[in-house]
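This briefing is intended to be read beside the sequence and the coordinates.

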Amino acid sequence: MAVYKRPATLKKNPSGFCPGCMHSLSTKIIAEVVDEMGQKDNCLHIVPVGCSTLNLVYWQGDILGAAHGRAPAVATGFKRTNPERLVFAYQGDGDLAAIGLAEIMGAANRGENFTVIFFNNQTYGMTGGQMAPTTLIGQKTTTTRYGRDAETTGYPMKMCELLATLEAPAFVARYALNTPKGVMEAKKAIRKGFEIQMAGKGFSFIELLGNCPTNWGMTPLQTLEYMESNTIPYFKPGVYKDKYKDEVK
Amino acid sequence: MIELNVMLCKGCSYCIKFCPKKILELGTDRNKFGHFYPHLTDEAKCISCGICATICPEGAIELPEKEKEEQ
Amino acid sequence: MAKVLVKGNEAIAEAAVRAGCRFFAGYPITPQNEIPEYLSWRLPEVGGVFVQGESEVASVNMVYGAAASGCRAMTSSSGPGISLKAEGISYLSGTQLPAVIVNISRGGPGLGSIQPAQQDYLQATKALGHGGFRVMVFAPSTLQEAVDLTYSAWDYAERDRNPVLILMDGCLGAIMEQVEFPEMKEPMREGTKNWSLNRVEGVHRSDRLLTPYFPEAMLEMQNKSRALMVKRWEENDVKVEEFMLDDAEFVVVAYGISARVAKEAILKLREEGYKIGMIRPITLFPFPKESFRKLDYTKVKGFIDIELAIPAQMRDDIALEVKDRAPIYEYCRSGGFLFDDDGVYTAVKKILDGGAK
């Protein structure tokens, strides 16, 4: 017997995301965690560039807009001067894994005490579906018309695996949003990341595997199947690093 | 029982897919943004499990508190 | 307070601390390294934060984050690094956030040289980033002036909610001189800055938004208010030194280290009876237009632009004011060469003798 209320940390209007887009799903569960932790007024959402920018008109709380890929640097400056605030950056794959690679690696390696939530839908949604560093081999985009070719474009970048090799990060995990179970796991991971941050225990990184029905050229329901059989086998969900396994529940 | 905020629904149908009782169905009406939205085919069968609310990207489905008291 | 002997870069760093700067992020680049080096230990001493960023891009964005919280924040670099910071500086201006950027300039373009030069004048005064915004540009020519300008920089930046640039060449950054440091200012974060994302009960409302992204009408409105801001600067905030202009027939125009060297040459030429003076812009932007407008053009026979830049860059601004009323001569070096008194003296004398014919 469940009770559920839409989080107060979301505006009352519909999101600007396309039907079935999991950007709104991940924003919703982040908002739920912020609500449940009673952090609405203490939270700062760093909104970078990409479809995530649509949160400017969806997130009900303090927002700081950042340049493309620079959210972890902006978060560093803000959190270091406001250590008591709950700070998180919500970045897409182009933003984080391409243009912002230096910033995410730098912040993670310094063990900055904030949370980065990484939405991986293997494409640049806002600009019309170009190839992202996370685009799967063979996946068609507007800049890989015949499917991504490893020969010339390399392989999809695994950010959790990369970040887990660093010494400093406290918590690194990846979950897929294509099932209710995955959504619940993701939410738990976000809660854990935020709790690690509020305990001052350092950098947390949660990757959320999502979709882009519009640019993948699929119905929302088709994307669920596609994720199950293509995305998830390559980007394996799970906890990649958990420094305080026994200390923070 | 669930409450759907029709205004927020975009008709993605995730709730329909994951409803364990298979009692959600996309209707033929559109909301003011032009999206079809689902409805319960058999209200009595709803177990208020909350799976539809969990997977709904827009937070359009709520399970109100009063339900609890009635039970 | 007693005078102390200090290096240019460190003078700026200490002045920043005294102005209440409590956040610095930077990336190593010659010839500004003493600024981050000094602040790496000095800021923690006063409860501030120093971060060595992974790049200039990251550093300026860290400053953006700190500035958003109402903290007085600064970053420094040199030519190539300032190009990288262009993105963040544009975002600072777009989001209307105050911050101080220091450019200890060197030879260019490209990697150029690590030796002093004044080749970033156009970048500093015309387009420090994309999107057509302007910043106040302070150009000290002594270390005391560098200290005083740095100390006041945040007052302007916060008044206007716009970044301020301090443009100083690598020579001034490296020399040592006696300066007197001003009193330590306590950083003000609470109460006054209600635009910031800082959180104080009763002062700051919830659900605040700071972003450089706007709908068309709002963006145009903002740009109009930026235009008015520039107009106000031109009316109220011009800083200039007018040196021996009263009877001058020739007017040297120079800033920073060039002005300092030129001054020596002018004194020497005055001894020889030449009627020569100097306009030294201290704010490169707003440019001291009035100093040119009030000259008696029936007396002035010519202007001499002295810069460590080839082709000359400030010449454009001089020409806009002088129009065709007098010829503009140049004496410029570039690539990392410095002027010396004799060089400037000889070159200017040649111009004067030629012009007097």
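In chain C, seven strands form an open sheet in the order 3-2-4-5-7-6-13, with mixed pairing. The model is predicted: local features require pLDDT of at least 70 and side-chain atom pairs count only at pLDDT 80 or more, whereas totals for chains, interfaces and linings use all residues. Residues are numbered from 1 along each chain as its sequence is written, and chains are lettered from A and ligands numbered from 1 in the order in which they are written.

- Strands (E, at least two residues) and helices (H or I, at least four) are DSSP runs numbered from the N terminus, and two strands pair if DSSP finds at least two bridges between them.
- Strand 3 and strand 13 (283–285) of chain C are the edge strands, each pairing on one side only.
- Averaged over the sheet, neighbouring strands are turned by 20 degrees against each other, direction ignored.
- Strand 6 and strand 13 of chain C pair in the antiparallel sense over two bridges; C:Val137 has C:Phe285, in strand 13, as its bridge partner.
- Helix 2 (residues 34–45) of chain C packs on the sheet and touches strand 2, strand 3, strand 4 (73–77) and strand 5 (100–105) of chain C, its direction making about 140 degrees with that of strand 3.
- Helix 6 (residues 143–160) of chain C also packs on the sheet, touching strand 5, strand 6 and strand 7 of chain C, and its direction makes about 160 degrees with that of strand 7.
- For these angles, axes are lines fitted to C-alpha atoms, for helices over the stretch in contact, and values run from 0 to 180 degrees between N-to-C directions.

**Domains of chain C**

- Chain C is divided into domain 1 (4–236) and domain 2 (240–356), with bounds taken from an automatic or database domain assignment.
- The C-alpha centres of domain 1 and domain 2 of chain C lie 29 Å apart.
- 24 residues of domain 1 of chain C are in contact with 23 residues of domain 2 of chain C, contact meaning that C-beta atoms, placed from the backbone, lie within 7 Å.
- On the side of domain 1 of chain C that touches domain 2 of chain C, helix 5 of chain C gives the most, with four residues.
- That side of domain 1 of chain C has 14 nonpolar, seven polar and three charged residues; Ala, Val, Leu, Ile, Met, Phe, Trp, Tyr, Cys and Pro count as nonpolar, Asp, Glu, Lys and Arg as charged, and the others, Gly among them, as polar.

**Interface between chains C and A**

- 34 residues of chain C are in contact with 26 residues of chain A.
- Helix 3 of chain C gives the most to the side of chain C that touches chain A, with nine residues.
- The residues of this side of chain C divide into 19 nonpolar, ten polar and five charged.
- Strand 2 (residues 62–65) of chain A and strand 9 of chain C pair in the parallel sense over two bridges, and A:Leu64 stands opposite C:Leu210.

**Backbone geometry**

- The peptide bond from C:Gly108 to C:Pro109 is cis, with omega near 5 degrees; C:Pro109 is in the loop between strand 5 and helix 5 of chain C.
- C:Ile310 and C:Pro311 are joined by a cis peptide bond with omega about -5 degrees.
- C:Gln96, a residue other than glycine, has a positive phi near 60 degrees and is in the loop between helix 4 and strand 5 of chain C.

Note on methods
Contact = placed C-beta atoms within 7 Å.
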